[in-house]
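I opened this one to go through it element by element. My notes follow the order in which I looked things up.

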Amino acid sequence: MHFYLSVSIIILAIFLSLKTLFVPQKIIGKQVSLENFLTLALIYATVMAGFGLLYYLLDLRGLWVLADGSMRLSVSSYERMATSMYFSAITLFSVGYGDISPIGIGRIIAVLEALIGYTIPAAFVTRAVFDHKKA
């Protein structure tokens, strides 16, 4: 029960963070501002942490989603969490380094995360430009 509740809360947090890009008046009309930068950074941080926690929770549940030499059963929980967060960050910001690869359901989750990672800057810039034209 706790697993499904945790996954639901994580997905809700990711969704609400991404929703910030589409809610009126959340992004200031100026094209470059500290507030806009912090908003974008917080959106990325929430999405990265959310997906990292999903990988970690699935791993704890016994579903292998990441293939890496360090993801053995003898590895500590802290190292598994660090590897999940690292993979999430690399997937969100780039196409990855190849040192860790998704397997099984992890492939679908990684593709979704990469798609979101490429879409966030486009949505942010589009939103800033449209808000700037209205002002």
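**Entry 1: a charged pair**

I started with Asp 59 and Arg 80: Asp 59 is buried, and Arg 80 is buried as well. For me, buried means under 20% relative accessible area, exposed means over 50%, and partly exposed is in between, with a 1.4 Å probe and protein chains only. The model is predicted, so local features need pLDDT of at least 70 and side-chain atom pairs count only at pLDDT 80 or more, while totals for chains, interfaces and linings use all residues. Residues are numbered from 1 along each chain as its sequence is written, and side-chain values use heavy atoms, with hydrogens and water left out.

The side chains of Asp 59 and Arg 80 form a salt bridge at 3.3 Å, N to O. Asp 59 sits in helix α2 and Arg 80 in helix α3, so the pair ties together parts 21 residues apart in sequence. My rule for a salt bridge is a side-chain nitrogen of Lys or Arg within 4 Å of a carboxyl oxygen of Asp or Glu. By that rule I count one salt bridge.

**Entry 2: the fold**

I listed the secondary structure next and got four helices and two strands. Along the sequence the pattern reads α-α-β-α-β-α. Helices (H or I, at least four residues) and strands (E, at least two) are DSSP runs, numbered from the N terminus.

Then I checked helix lengths, taking the expected span as 1.5 Å times one less than the number of residues. With 27 residues, α2 should span 39 Å, and its end C-alpha atoms are 38 Å apart, which agrees. Helix α3 has 17 residues and reaches 24 Å from first C-alpha to last, close to the 24 Å expected. Just after α2, Gly 62 takes a positive phi of about 100°.

**Entry 3: the inside**

Which residues touch the most other members of the largest nonpolar core? They are Leu 18, Val 47, Phe 51, Tyr 55 and Ile 120, out of 26 residues in that core. Helices α1, α2, α3 and α4 each supply at least two residues of this core, and α2 gives the largest share, nine residues. A nonpolar core here is a set of buried Ala, Val, Leu, Ile, Met, Phe, Trp, Tyr and Cys residues joined through side-chain atoms within 4.5 Å.

For the whole chain, buried residues make up 38% of the 135 residues. Among contacts between residues at least 6 apart in sequence, 71% join residues at least 24 apart.

**Entry 4: the α1 side and the surface**

Thr 46 is in α2 and counts as partly exposed, at 29% relative accessibility. Beyond its neighbours within four places in sequence, Thr 46 contacts Ala 13, Ile 14 and Ser 17. Thr 46 and Ser 17 are 29 residues apart in sequence but 6.6 Å apart in space, C-alpha to C-alpha.

Leu 12 is in helix α1, residues 2-19, and is partly exposed at 46% relative accessibility. Leu 12, Phe 15 and Leu 16 make a nonpolar surface patch of about 310 Å². Patch residues have over 30% relative accessible area and no salt bridge; like charges are joined within 9 Å, and nonpolar side chains (Val, Leu, Ile, Met, Phe, Trp, Tyr) within 5 Å.

How values were computed: Accessible areas come from the Shrake-Rupley method with a 1.4 Å probe; for residues, only the protein chains shown count as cover. Contact means heavy atoms within 4.5 Å.
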